[in-house]
Every structure is written in structure tokens, then in C-alpha cells.
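Dear colleague,

Please find the structure below, together with its sequence. I would be grateful if you read the notes that follow with the model open.

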Amino acid sequence: MDKAKKLRDLDFGKFAEDKAMEYYVSKGYAIRERNWRLRRIEIDIIAQMEDVIVFIEVKARSGRDTSALEAVTFDKIKRMARGADIYLKMQHADFEYRYDIVTLTGDFNKYELEVYEDAFISPLLR
């Protein structure tokens, strides 16, 4: 992959995260974290409304040939669940929680944002 394409992809990913944050804020959520990291775990956005914390994975695709939703692998889900478990244990209160996936397809000028609330159950609970 050439350097220019990689930079465009990174910019488009940041753009997708910005749009996802705008969506959640418009619905009344407070953004607690963006790009929260711990070791090899990253959670794109952590939002909260009342006593519910939402762990959000954002996937962006500029082409229609690959599904942004399918890009969320089981490996990613497991890492996200481990991170959420650690994050929740660090809090000084009990919260309900869920995992959302946000996909953005298109380009900077014309795009479609889809939100999949409660997209999966933590594999740590199985």
C-alpha cells in the first residue's frame, strides 16, 4: 500500500470516528473516551448515557466491495470485550453496558452511517 493511500485511509477512519461521535452526542450520550488503549487493546469510542456505558467499534470503508461490518472480526470482538471488562473494573460504580458497531461507507462528501446497537454479546460471558 502506498503512503498516500495509507494516509487517506487513516484520515477517512478519523472522519468516521468523528461522525460516530457526532451521532452519539446528538442522541444525548457523553463521550468518555476516544481511542482508549491498554496494551494491544483499543476501543474507538466509549460513551455513556445515564448508567449505561457503550463500547463502540467504528469501521469505515470507502469502497462498496467490502463490508465494513464484516471487518469486525471475532478476534477484534474478543479484544474489545477484554478491554471493556478491564475498563468497567476500573470504574467506581456499577454500569450496564453494551457493544455497538458503527459503519461508515462512501467518501468524505457522500457517506452512509449505520449504527448497530447491542451488536454482540461478550464472548467472555459464554
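Predicted model: local features only at pLDDT ≥ 70, side-chain atom pairs only at ≥ 80, totals over all residues.

Residues are numbered from 1 along each chain as its sequence is written, and side-chain values use heavy atoms, with hydrogens and water left out.

Helix α2 spans residues 74-89; helices (H or I, at least four residues) and strands (E, at least two) are DSSP runs, numbered from the N terminus. Buried residues (under 20% relative accessible area, 1.4 Å probe, protein chains only) in α2 are K76, I77, M80, A81, G83, A84, Y87 and L88. Because these residues cover an arc of only 165 degrees around the axis, taken from the directions to the C-beta atoms, they lie on the same side of α2. They pack against β1 (30-38), β2 (41-49), β3 (52-61) and β4 (96-106), where contact means heavy atoms within 4.5 Å.

The whole structure holds 11 aromatic pairs. Rings of Phe, Tyr and Trp (its six-membered ring) pair if their centres lie within 6.5 Å; planes under 30 degrees apart count as stacked, over 60 as edge-to-face and the rest as tilted. The rings of F55 and Y87 have centres 5.9 Å apart and planes at 85 degrees, so this pair is edge-to-face. F55 lies in strand β3 and Y87 in helix α2, so the pair ties together parts 32 residues apart in sequence. F55 and Y99 form a tilted pair, with 35 degrees between the planes.

Yours sincerely

Conventions: Expected span 1.5 Å × (residues − 1). Buried < 20%, exposed > 50% of the residue type's maximum accessible area, 1.4 Å probe, protein only.
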